Amino acid sequence: MSTCLSLLASSLFFVMTAVLGAAAPLEDPVRDVLVPKGWWTMAAVDSRGRRPFRPDAVFARYLLDPDSPPPSTGQQLMGERGKPASWSFREANEDGRVEAGAAWAYASLEVPEARVMLARLQSASTLFVNGDGFVGDVYRYGWQGVPVVLKPGRNDIYVTGIRGAFQFELIEPEAELIMDAYDRTSPHLVAGSDKAGPLGLLLMNATDRPLKPLIKLAGDGLFLDVDVPLGALQPLEVTKVSLPQPLVEGARVSADVDEVVRVVETVTAGAEEARAHVPLGVVEDGPGRRETFVSRIDGSVQFFGLLPPADLEGEVLKGEPSLVLSLHGAGVDALGQVKSYSRRPGVWIAAPTNRRPFGFDWQDWGRQDAYEVRDHVLADRGVDSRRVQVTGHSMGGHGAWHLAANDTDGFSAVAPSAGWCSFDTYGGRPAGALSSLWQAADAPSRTLDFVDGLVQVPAFVLHGTKDDNVPPSEAEAMIAALTSAGNAPRMHMQQGAGHWWDGDAAPGADCVDWPGIFELFRDHPQVEMSPELNWVAAGPGVDSRHHELEVQQVLTPEEPFRMQARLESPMFRVKTDNVQLMAVHASDRLAGFTLEVDGQRLAEIPSREGAPLWFVRDAQGGWKASDPPVSGEKHAHRMGPFKKAFDRGFIFVIGTAGSEKENAQLLARARYDGQVWWYRGNGRAPLITDEEYLAGERAPGNVILYGNAETNAAWSSLLEEDFPLQVVRGQVKLGDHVWEGDELAAVFVSPRRDDPEGLVGVFADTGAGGTRLGYMLAPFVSGVGYPDYAVFGPDVLTQGDEGVFAAGWWNNHWGLSSPPRHLKAGR
């Protein structure tokens, strides 16, 4: 334990010692805890909400330049709300709780020497320590904090994203490398099984230097030994590690034990060994349980709740099985969700996590998580991909609409309970000069835009008439929209019921296990092939295949595309809207039919063994035979918008070719984004320096790049020299348009030069000020969309959208569309 703390009695913080729980016994569990007692707080002068660029007068004044003088009592600021607010002093409770009711809070700490501490911030999303950003525990999961560095002398601490009263303390770490302190992703072991799902453990580097650990998962009579070498953990990095759990050949999990304890150790040069004891519960095959898998999005371990069919006997299931995806509400654990149901013959019920209890509102990576769980269960349990239904409650009810609307041939039926339609009907999104542009980049969330396709999916709507969380008007609006489109859903409005309710209608919780829902699922057990198809999709990157139709490119990326098709023997007639490159796949029902697209007869459709027929729209608006898209063109798996880059096992590549200040800012920014991704998405985003990337094997996948062509040495290896957006110190160039200054920034997506299928997502800057602007972005917030590119400056902190210089989409050849969707003159 560090000494000299008695010298700090005059500083505005409490000094305490505490005995804190840890994953493994400690020889000396008594650790220092520092709690600031004096805080200056300020009420909101700017609005928040789901938007990509929002004004923030506090950040502009004090944090854009981290060396700015700190706040003082009575100092006023004016923001977009047009009403000034002043800093006022508040004193924290002894446990660090601040009854703030504020948007921002500031405190300072003085310490005699540099030290690493764990910053534990609850009920607030973001922490800045000496200008560097760190994630807070806004949802109060009860986690024990993230490592930060305190410097000798005064340390400036800012807190924002506050929800009510917040709590803050600094805790001395128990070790330099912290493993499994909290946030474990583990499976249940099934009695009698010869396999176990992977294990995900938290790992934190609580030092100001890189560490390179080897993770050792000890074997025993049940499990094999596993060694997992890791790349360098950057200073203060927080990550999740994925550990396989292979069983000894011939071994099976015993039914005579309640749990099995795994022992995990780290071996790290220059750091003490860390050890964790990880209990894995053992369950019978029938009840609900946790299963885990490795996500293709980022290589992290994710889990889902699984409830087997009632008639499952060992590996034998009577009849043809089906799968019900059940999506939980905000803050609900996936295992609790699946246990709200009763077991039914022939029905597997799987509850994905949305990546966290709050996650992504089942959008973006929440939607992808549901698809991954679907695909995992289909492959592992032998369920026909046509026999999948989706339901959910509250946020999960919205998720049910969202998944079905964006994949209308992926589900045979949909049944939301207490579900809301979209962000634009439930809560709303802030208006702005470019709000239509940002929302076009988040097009999948606009459920009502896809009703013409969604109407083909049989639906059941369940809602309580006294729901004070999600008003019944949300259900009524969807019922009206579907009815107007030609297919009224089944429905039940439970009189007098609130948001979550139960009764005697079902063995499980009535508001999710409702008999009418499962009657619909029994009546529509699998996706049917209609002679009429009506396909509406946000873009090929969201949904590129619908029965026999495929779309890989569109004319206008900011608009949905539509395809209507009808079988009228001997013709298969297709009408298109906003489609550039399409294909028709052979099937038994289309064999021998003549294909007609937009009134133009194109070809005879071959038998099932034939290759797809590809067609591209020509300059005159007609259609001609074509080849599939090539690697230099956009296609469904290699296109924008910007958030699509966070996929395919992405890594963060940090620039180190700049000055000491530039490099430090880039590391801090990437580390912060990695922490937000971990906190919101239970994810892993390895931080790699440009030198490490260039010296390594350069595995295929996506890359997130931080810096510019001069500060990140990997820039030229990842981006084409003639790419239309280039950034260097002091300058951003978009085609012929140039903007200059050292506080400019850009976000954009590009094809990865050294991987024919890869993408690069770029957080570019013209200097340290531009790097810091990135703290105000919201790439991991659902309902926030960024198009293929956006160029902006510090004026976004005072003017919002008016501070954006240019934004839009690349064309299908990754070139600059003319003109850009939004453009302001360069300076």
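## Strands and salt bridges in a predicted model

Strand E17 (residues 226-229) has a covered face made of Val226 and Val228, while Asp227 and Pro229 make up its uncovered face; strands here are DSSP runs of type E with at least two residues, and helices are runs of H or I with at least four, both numbered from the N terminus. This is a predicted model, in which local features need pLDDT of at least 70 and side-chain atom pairs count only at pLDDT 80 or more, whereas totals for chains, interfaces and linings use all residues. Residues are numbered from 1 along each chain as its sequence is written, and side-chain values use heavy atoms, with hydrogens and water left out.

**Strand pairing**
- Strand E16 (residues 213-217) runs antiparallel to E17 and is joined to E17 by four bridges, where two strands count as paired if DSSP finds at least two bridges between them.
- Within this pair, Leu214 stands opposite Pro229 in E17.

**Salt bridges**
- The structure holds 46 salt bridges, each being a side-chain nitrogen of Lys or Arg within 4 Å of a carboxyl oxygen of Asp or Glu.
- Glu174 and Arg31 meet through their side chains in one of these, at 3.4 Å from N to O.
- Because Glu174 lies in the loop between strand E12 (153-171) and strand E13 (177-179), and Arg31 in strand E2 (residues 30-36), the pair ties together parts that are 143 residues apart in sequence.
- Glu174 is partly exposed, with a relative accessible area of 22%, whereas Arg31 is buried at 6%; buried means under 20% relative accessible area, exposed over 50%, and partly exposed in between (1.4 Å probe, protein chains only).
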